[in-house]
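Have the structure open beside you and take the points in order.

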Amino acid sequence: MAELQDGTPVLIALTKKLGGTRWALDQDEFLIGRDPDCDLTIPERQVSRHHARIRRASSGYLIEDLGSRNGTHVNGVPVEMPVPLQDGDVIQIALALELAFVGTEATLPLLLANARSSGHGRLRMDPQAHRVWVKGVEIDPPLSPPQYRLLELLSQNQDRVVTRQEIVECVWPGTMGAGVSEQAIDALVRRLRDRLSAADGDHAYVVTVRGHGLRLNNPPWRDE
């Protein structure tokens, strides 16, 4: 585990399955991807072999997407050109991993607290096991893979509206939208809503924002 030393920033995993693992940015370039030659290897199919790169510049640290299929985001915004990183920024690698860029020890406790609290909504997910709980009760039988991918996309972007194009790219990767009709998207959304409604009929989790897309409404909840 890397620690903050001599002003060297670190990346810290916010995704549950890596449990706060840290990587020191103590070199000029730090490569992230699926390939074993990467400095941070993420063995997930949705991650490209060489997905993203963080490099040290005279002004600080920059992150760039390396033409990945499923994208890199900083604070929910797609990385389309090199983006300067600021203390506390959250980096999302496809839907596989969230990382915080931490430059000072003072930032770390707040980030960890936010990461813990983010899992305390009415709806919780375990990305590693593909399990979903609503108000503390696991959905059984499990969601289908397309339903899970859609819910995971919404869950990881709770602060914004997810477009239909993003849904297609996430749920049907590699199709470039070919053969995916509006009716297929609507049917998937309807089936996911039905499963969530069966678990908690008092709350609408998947909200349609007309003309824009979908967002997840996952209010805080305490397991009494």
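1. Start with the helices α3 (residues 164-171) and α4 (residues 182-199), whose axes approach to within 11 Å and cross at roughly 80°. Please keep in mind that this is a predicted model. An angle from 65 to 115 degrees counts as roughly perpendicular, and α3 and α4 are therefore roughly perpendicular to each other.

2. Next, look at who meets whom. On the α3 side you will find R164, I167, V168 and V171, and they meet E182, I185, D186 and L188 of α4. Sorted by class, this contact has 5 nonpolar and 3 charged residues, with no polar ones.

3. Stay with α3 for a moment. Its buried residues are E166, I167, V168, C170 and V171. Their packing partners are α4, α2 (145-155), and the strands β7 (72-74) and β16 (213-216).

4. Now for the aromatic rings: the structure holds 1 aromatic pair. The ring centres of Y61 and F101 are 5.9 Å apart and the planes stand at 55°, so the pair is tilted. Y61 belongs to strand β6 (residues 60-65) and F101 to strand β11 (residues 97-102), so that the pair links parts of the chain 40 residues apart.

5. Finally, take a look at W133: R124 lies over the face of its ring, at 5.0 Å from the ring centre.

Conventions: Residues are numbered from 1 along each chain as its sequence is written. This is a predicted model: local features need pLDDT of at least 70, side-chain atom pairs count only at pLDDT 80 or more; totals for chains, interfaces and linings use all residues. Side-chain values use heavy atoms; hydrogens and water are left out. Axes are lines fitted to C-alpha atoms, for helices over the stretch in contact, and angles run from 0 to 180 degrees between N-to-C directions. Helices (H or I, at least four residues) and strands (E, at least two) are DSSP runs, numbered from the N terminus. Angles under 35 degrees count as roughly parallel, over 145 as roughly antiparallel, 65 to 115 as roughly perpendicular and the rest as oblique. Contact means heavy atoms within 4.5 Å. Ala, Val, Leu, Ile, Met, Phe, Trp, Tyr, Cys and Pro count as nonpolar, Asp, Glu, Lys and Arg as charged, and the others, Gly among them, as polar. Buried means under 20% relative accessible area, exposed over 50%, partly exposed in between (1.4 Å probe, protein chains only). Rings of Phe, Tyr and Trp (its six-membered ring) pair if their centres lie within 6.5 Å; planes under 30 degrees apart count as stacked, over 60 as edge-to-face and the rest as tilted. A charge sits over a ring if NZ of Lys or CZ of Arg is within 6 Å of the ring centre and within 35 degrees of the ring normal.
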